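Biologist: Before we discuss this fold, could you put the sequence and the model on the screen, so that we can go through the contacts one at a time?

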Amino acid sequence: MTEYCIEYKRDDMPENYTGKTFKWAHNEKEALDNILKKRPEKDGTCVFKRGGTGKIISVKKLAAINTK
């Protein structure tokens, strides 16, 4: 498993707000699936599981653990 840091902007928050969440997943796609209802559109907009829309700014790989 790998820990990912996901930075995002939400349309229902002030313009200078940037959110950040940390998720454990096997890959980047699974990490995004943990916070999104469906995959982001081509223009970057997405719908979050808790409601609202926004954009994913970045997904960074932080740490990995060996699960043998």
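Biologist: How many bridges join strand 1 to strand 4?

Modeller: This is a predicted model, and in it strand 1 and strand 4 run antiparallel. One of the residues involved is Ile-6, whose bridge partner in strand 4 is Val-59. The number of bridges joining strand 1 to strand 4 is 9.

Biologist: Which residue in strand 2 does Tyr-4 stand opposite?

Modeller: Strand 2, residues 19-25, pairs with strand 1 in the antiparallel sense, over 7 bridges. Within strand 2, the residue opposite Tyr-4 is Lys-23.

Biologist: Are the rings of Tyr-8 and Phe-48 stacked, edge-to-face or tilted?

Modeller: The count of aromatic pairs comes to 1. In this pair, the ring centres of Tyr-8 and Phe-48 are 5.3 Å apart and the planes stand at 55°. Planes under 30 degrees apart would count as stacked and those over 60 as edge-to-face, so the pair of Tyr-8 and Phe-48 is tilted.

Biologist: How many residues apart in sequence are the parts that this pair ties together?

Modeller: Tyr-8 is buried, as is Phe-48. Tyr-8 belongs to strand 1, whereas Phe-48 sits in the loop between strand 3 and strand 4, so the pair ties together parts whose separation in sequence, in residues, is 40.

Biologist: How many residues of the lining of the largest pocket are charged?

Modeller: The lining of the largest pocket includes Tyr-8 and Phe-48, together with Lys-23, and strand 1 and strand 2 each supply at least two of its residues. Alongside 3 nonpolar and 2 polar residues, the number of charged ones in this lining is 4.

Terms used:
Residues numbered from 1 in each chain as written. Predicted model: local features only at pLDDT ≥ 70, side-chain atom pairs only at ≥ 80, totals over all residues. Heavy atoms only, no water. Phe/Tyr/Trp six-rings, centres within 6.5 Å; stacked < 30°, edge-to-face > 60°. Helix = DSSP H or I, 4+ residues; strand = E, 2+ residues; numbered from the N terminus. Buried < 20%, exposed > 50% of the residue type's maximum accessible area, 1.4 Å probe, protein only. Pairing = 2+ DSSP bridges. 1 Å grid on protein atoms, 1.4 Å probe; cavity = no way out; pocket = protein on both sides within 12 Å on 5 of 7 lines; lining within 4 Å. Nonpolar A, V, L, I, M, F, W, Y, C, P; charged D, E, K, R; others polar.
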